[in-house]
Structure formats: structure tokens, C-alpha cells
Amino acid sequence: MTTHGTRAAAEVRFHGRGGQGVVTAAELLSVAAFDQGRASQAIPSFGSERTGAPVVAYCRVADRPIRSHDPVTSPGVVVVQDPTMLHVPGILTGLRADGLLLVNSTRRPDELGLPDCVARIVTVPASDVSRARLGRPLPNTVLLGALAGLTGIVSLAALQKAIRERFRGDAGELNAALAAEGHRLAQERSTEGASHAQAG
Amino acid sequence: MTELKLYQVGTFAAGNRLLDASERTEQSDAGRTNSITSGHRACRGCGEALAARVVLDAAMRASDGRMVTVNATGCLEVFSTPYPESAWRVPWLHSLFGNAAAVASGVAASLRAQGRGDVRVVAQAGDGGTVDIGIGCLSGMFERNDDVLFVCYDNQGYMNTGVQRSGATPPAASTATTRPVGSRVGNAFGTGKSLPVIAMAHQIPYVATATVADLHDLERKVATAMSMHGSRYLHVLVPCPLGWGTSSSDTVRVARLAAESGLFPVFEAVDGEIDGVRRIRRQVPVEEYLRLQARFAHLFGDPGHPDVVERLQRQADRSIAHFGLLEGEQR
Amino acid sequence: MLRQVEGSRAVAETVARCRPDVVAAYPISPQTHIVEALSDLVAEGRAGRCEFLMVESEFGAMSACIGASAAGGRAYTATASQGLLFMAEALPNASGLRLPVVMTVANRALGAPINIWNDHSDAMSQRDAGWIQLFASSNQEAVDLHVQAFVVAESLHVPVMVNMDGFVLTHAMEGIDVPDQDEVDALLPPFRPLHVLDPDHPVTIGAMVGPEAFTEVKYLEARRQLRSLDAIQEVADRFHRVTGRRSGGLTSSYRLEDADVVLIGLGSLLGTAADVVDELRDEGLAVGLLGVTCFRPWPLDEIRDSLADASRVVVLNRALSVGFGTVLGADVRLTLAGSQVVVHDVVAGLGGRPVTRDLVRRLLVEAVRGELSDHQLTFADLDVDLAERELLGELVGPMDVEPEGVGR
């Protein structure tokens, strides 16, 4: 072991339900970061295999090797892939005041009923976008594109490369396009989100 | 060789000069392997020691000596390998009690991986290590159709540990845990399992039962099994003088009576279907078989349990009918 | 080559490159991704001539490995927790017969109550089975240890267990450098068994040994295990020469040189602890870290020497020896018997409760301040109020009420 800084550059926590690709999202983010020459780690929370059950996954990205495998407790970003989980206790726990809450929702941030959330909130209708292009609601790649656009943790290009490696053929292209769409929507929404975060 | 049917030639002789050399038993050949050789610590009259030698010598002949053995814990293992001595003249591995089949599966897979798939694998266990504690691993081996011949030497109880009841103990038998005390009349009816039938249900290539009374038949079945690949199961009835309470000179006789009474059906099955039976020439009343064994002594005497004997007789009759064991009858 | 890959997948690829002859597989959380990946690798022809045996239980898995090894093949399996217990009878069988089986244990708690998450109770429960037990502190080390495990096992003819934290490491995706085939081949020669089932040279393997010889057999086994301490370090050194990476060995130390308070532990918590040590060092506290990589045989001299200059040691146990205390803590106390070092025995992280940075930090700061008990076991992450309420409820129960009608 050698001497290194102890805090990662970015820590992201993903929430969703089994079957929504929450773990895949964390892994794709980590692969994209790795491809950009950074150290990254994706860890799912674990349970017996079950669709519909709440799932949490973490991703850490740093510019030095990551030694610790403890859970992310003070995420800079929380991504909620399933809006029905927004009011589950603990979903926002630890989210840094200067952090970002990214929600898969057709609503505006101020319509989510989170008056106590001081972090910046951005909503993206990821399920709708993926339904339109893929024919089914798989929001994870859209949200990842949005995440890349809003935070710069990874570039869209690196993300798309990771996506194409993970999903071969047509699925890869479709999901890469979804990421681009999410990226674009995020740029639009981010100005809205910034102004609403000042309220309350 | 004439076409005359010579009655001296038959299954009751280990070897017979009237037979063509190719039809003689391996045991009659002085050049046999003698896979388990003399000096072991078995009881006198042990059916299992006899069966093991017959089976493995036949397997060695069938495989041209290219064979290894895996042996479960039990009488055979204990009396044959008292360190620093061993009675085994073939490659031999002691497994544990319940895993002879799994260990054998591992041996077979390893030999194949190393390009030594010509070496055959024979697993051996007693009834306890087969039907009770061994059944999980055995069923797994069957279901994967691993290339192993599994031989069960059935003396119908946990003999090495002092004659306790197993899943192969017949009804009404007295054992250390089914003594006829109180209201009990020995081992309960309606319990127990037939591993040959369970093996058939797995639809493995070959299943056969045999006894130590019919050595030609036993050797032939080993040869048949060794001519095939995949999972094969051989269930051999081996009387235990100590556990059954028989005279040590009666081992072969008692095994014959078990078959001839119908209580131990002798048959073969291929791919899960009965392929042949060893017909009974003269059905013997179960009583003739039972009276030779002290483990059934409580059924006789004054007043005894004639109803139980009758029930055993009905069981034998059903077995004969089911397998079509009487000569002249079709199944 | 360094790539972003899941820990389990990396382990499977490493095992495949070790050219196993037989892989016996039975699934149990959290090891499943290892056997699944191996199944694919074998089917794709990327594990050489390997036979993949899908057995009916963990007992079947270890049994098949024993048979495979006795027949001269390189054998591997993986399990965790309940599965390790289910094969418990076969473990000393493998070590007693000197069969160099290698097994991954994806450390998980033992039930009841059933718990699928990470702690070290499974490995601890089999510490006397005669297997060498190595603990990986990271996925990179887990991968490296598997290569070293085969080398150690086959040169000593002792089976080796590679422990890696279940879920925490097995399911983490990160940058891992899986040794390539050339590196593995440079380290691991073809298997040469001590004794083998071979029709050309028949031997009896596994005779019944009575009172007249058993003691000598076990004594020789014990002596061999202790000699293996040197071999384990030697293999780690050889690994370093071939790959350039330092992995494995007996212990790992971090900022131990002038440390006054040292944390000792096993597995992935060492990574977390290293981060905390750096933070506290920046704040002026003389703390350090000692990781135990080879847990069995216990490297007593090495550990005693490493702790010679410390005044306090905090042992962080992720397993509990009910009715006694802890295993790792007891081993450390034994090692330090007669010295002046104060030992703080701490239990935390049972059943998947994470060992967090905050927890480690709190422990080290309390140790520095002398606020940790040195004679009582500290349950560092226990909900004390909840536990106390439960215990109180048990004390004032039906047993304290006089049954009616019963005379004195």
C-alpha cells in the first residue's frame, strides 16, 4: 500500500428497483471513468435475486487508486431511477448540500415534493425517452448521459464507448443514442434546476 | 463342445472343467488379479469380502487391468486397510462415508481431463453409504450420467458400527436399533427403499441386482456394466453372518434362498427399463430363508409371529409377480 | 493487462489460466459469479482441457475435488458460509490426504439467522481443518493470491483456501490486472502429485490409522504447516519477480515504522483502514496498520516482530467466537504474550454491517486516548440501547412468576 489521498473525486449513489439496470448503470459509469484513465469502483448493494425490490449501487471515481470498499455515505450525486422511490426513507441520506439529485421523472424539480432538499435537483423523463426509442422503459442509459452532462465525471464519448462494449450490436447503438439524448436534455434542464434549488 | 445340456454345468460352480475356457469364471483362473487379497480382517463367512473380490477381479478382466477404485467408509474399507497394511492390489482411494459417488465422479472427470479416459472407475459402498447417507451424491452422479460403475454391497444394515438399522434393512429384521422389544416386531413394515428402483428412475444406462450365491451371474453383470459407459449401478446382496445371525458357512446358501424366495429379486435394467430377470426355478417359502437367521428368530417359537411371516410371504409373492420371477411365467 | 472488471470475473479468469483439470461447481451467494464465469470460460475453451462438474452440493464439490486430485488432476472449487460448513467433513480429508486442492471462499456470515452478507465467520469456523488460509485485502490481491495458492498448494501438498470478502470484493467492479497466461505459466508448473491413482503403480490412499501411529501422522502435518510459512513468503517473492506486483505473503504493513497504535485486521477493511491511517497521520497521530494475509498457519514470529514497537494494538474482528471472544484477537494475544503491548479486542462488521471509515477512525482515536477497554470485548458498531432493552426483557420474564398451585 502507498500513501494516497483518502477521498474520492466523485461518489455517486444510484437508487432503483431490481430489473431497472441500477447495477449496470454504476458499472457503466465506472468503465467510462476507467477508459478516461481514472480509477473507479462500482459496488452494488446486495440481496437475493428479486425483480421489483429496491436496489442501491455506488460508484466512486478518483484520480488515485481507490483502496476502500466501504459504502458511499456522502454522495455528491444521487440518481433515482424510479420516481416511486423518491419518498422512501434514506434515499437522500448523506447527499451533500452542494451535490446533485438526478431523478427520472416527467415532473419539474419543484413538483417532486422535496422541500428539504438543499442540493440541486434535475429531472429527466428518462423512461419516456427510452420508451420512445427502445419500446420499453429502461431509464439507466438516459440518466447516465444526463449525469455526464451535468457533472462532467465522465465524457459522453467515454460513456457511449462503455455502452457499446456492454451492449453489442443494435442494442449498443440504441443505448448510446439514449445517452446522447439524456446528455442533451440535461443541458436544457440544468438551468431550470439551478434556479429552483435556490427556493426553500 | 456338444449340444447336450449338461446339468453339472451351471451357476453353482465357480469354475468347471466341463466349460469352455471362455465361459469359466474369473475366480476359477489362477491368474486372476485377486484385487483384495488374503490377510484382511473380515469376519469368517463375510459375504462382502467375497463379493468385492469377485466384482473387482471381473472388472479388472473387463478393463484389461485399467481400473481404479473409490471405497466408502464401512466394513470393506475398515477390514481391508489397517495401516500399515493393505489388502488391495488395485489403485484404491478411501472417500468418506456418504461421498463415494462424488469422489468417483471427480476421479472420472480428472482422468478424462488428463487424457487418461481409458482408465475405468469403480466405486464401492455398503448399503448405508449408498441408500442413506450416500444417496445425495449418488443421485447427483446418476443425474449427470458420470462414467462410474457404482457397486453397493448390501448386507442390509450398518454392520461395521454394530448392526444398526439402515434404509435397506428388511421389514421385521432385528437390529441393534430395531430390537423386538415392547410392542415392536423388528424393523417396521412400510419403511425402506429400493435403490435399484431409484437407480432405474434416473434412467442410467445399466442397473442390475445380484447375490454372492450366483458367481457366474455376478461376474457377467460386472462384465456387462464394464462394457458400457455412463453411470452404472450394481446392487449385490451379501449376507453378514454377524449381523444376520447366520452360520458363517451358510453365506452362499442364505443368499441363494433370498433370491429363490423372491424376497431379493435378481434382474437387470437398461436405460430405466427391466431388461431381464433371473428366474426362480423353485420358489422357496420365506420361512426356509428366515429360519436360518437369528435376526428373524423372534418370528418363530412360541407364540412367535406367524402373521408377520405371512406378511413377508405375501411381500415375496408380490415381488415375484411384479418382476415375473417364476420360470415359465411371462412378465 | 489492467482493465475494469468485476472481482468474481477476474478470479474466474485467473483460475482458468491456472489450467485446472476439474472445476467442481455448486452455487451459493456470494460466490455465484465465479462459477458462472468459469462455466462460460470452460465452454469457450479458455480453460484448457478442464472438466466442469456441476455437483449436487458443496459436500459433493469438495468430494469431487478430492477424487480429481487423487487421480492426478489440478482441482478447484469455490464456496461460502453454509456451503463451507456443508463440506466440513471433506476439508480435513483433503488436508489429511495431502491433496493440493485450491478453493475460493467468498466470506459470508454463518446462520442461523440466515445472512448472506460479508463477515469472516465461515473461514474462522474451519481454521483447524489443516488448510492454508490466505485473506485478500483487495480484488487485485485476490486475483494474485489464486495463482500463488496453486503454487503453494502443489509444492507443499497442502490444500489452500483463498478468502475474499463476499459481495464487497466479489461484486465490486474496478481496475484489476489479471495475470496473463505467460505469467501464470512462469510461476505454476504442471501438477506433480505426491501419490496418485494409477493402474501401473497401484497404491492404497487413505488407510485406517490407529492409536499406534496417528499422533506421529498429525505431528508431521503440523510441522509441515509451520514450514509452509517460509514457502508462502517465497512464493510471494517469486510472484513479485515475475509480475512486478507485491501481493500475498504473510502480512502487509502500512505506516507501521513509528506507529504507536496499530490496527490489525483481515480482508477488505484494510483498504478502508489505510485511508483512515493517512487522515490521522495528517492530524499528527502515530497510527499504523498490520494486515494478516496468511491467517493459517499463523505467522506468529512475523506478527510479533511487526508489533514490537507499538504500545497498543486494536484487533478488528469480523467474526465472533460465541462463548469465548474472538479468534483473531485471541491469536494476537497469544502472539504478544509476555510483551507490554496492550491489546484492544474489537468486534465489528458482522453479517455485512459495513466497516466504515468513521468506525475505524473512532476506534483508533479512542485507542490513542486510552478510552478502549483492554480486557473486555468491544462491540464497536452495536446498537447498545436495543441490545440492553432486549436483555432486560429476557430477565423479567415468565420464569420470574410463581406457577400457581405449586408448593414450595
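1. A residue counts as buried if 20 or more other C-beta atoms lie within 10 Å of its own, as exposed if 12 or fewer do, and as partly exposed in between; the C-beta atoms are placed from the backbone. By that rule, 55% of the 408 residues of chain C are buried.

2. A word on the ground rules. This is a predicted model, in which local features need pLDDT of at least 70, side-chain atom pairs count only at pLDDT 80 or more, and totals for chains, interfaces and linings use all residues. Residues are numbered from 1 along each chain as its sequence is written, while chains are lettered from A and ligands numbered from 1 in the order in which they are written.

3. Chain C holds 14 helices and 16 strands (DSSP runs numbered from the N terminus: helices are H or I with at least four residues, strands E with at least two). Its radius of gyration is 23 Å, close to the 22 Å that the globule rule gives for 408 residues, so chain C is as compact as a globular protein of that length. The radius is taken over C-alpha atoms, and the rule is 2.2 Å times the number of residues to the power 0.38. Along the principal axes, the C-alpha atoms of chain C fill a box of roughly 75 × 70 × 45 Å.

4. Now contacts: two residues are in contact if their C-beta atoms, placed from the backbone, lie within 7 Å. Take the contacts in chain C between residues at least 6 apart in sequence: 80% of them join residues at least 24 apart. Between chains, 2 pairs touch, and chains B and C make the most contacts. Chains A and B do not touch; their nearest C-alpha atoms are 25 Å apart.

5. The B–C interface puts 37 residues of chain B against 39 of chain C. On the chain B side, the elements giving two or more residues are β1 (67-71), β2 (92-94), α3 (100-113) and α5 (135-144). The largest share, 11 residues, comes from α3(B). This side divides into 21 nonpolar, 13 polar and 3 charged residues. Here Ala, Val, Leu, Ile, Met, Phe, Trp, Tyr, Cys and Pro count as nonpolar, Asp, Glu, Lys and Arg as charged, and the others, Gly among them, as polar.

6. β2(B) and β9 (204-205) of chain C pair in the parallel sense over 2 bridges; strands pair if DSSP finds at least two bridges between them. B:Leu93 has C:Ile205 as its bridge partner. The open sheet has 9 strands with mixed pairing, in the order β8(B)-β7(B)-β5(B)-β6(B)-β4(B)-β3(B)-β1(B)-β2(B)-β9(C). β8 (273-277) of chain B and β9 of chain C stand at the edges, each with a single partner strand, so one side of each lacks a neighbour in the sheet.

7. In the A–C interface, 23 residues of chain A contact 26 of chain C. α1 (22-35) and β2 (39-44) of chain A each give two or more residues, and β2(A) gives the most, with 6. β2(A) also pairs with β8 (173-177) of chain C, antiparallel, over 2 bridges. There A:Ala42 stands opposite C:Met173.

8. Check confidence in chain A. Its mean pLDDT (the predictor's confidence in each residue, from 0 to 100) is 88, and 89% of its residues reach 70 or more. However, pLDDT stays under 50 over residues 1-6 of chain A, and it is below 50 over residues 195-200 of chain A. Where pLDDT is low, the predicted coordinates should not be read in detail.
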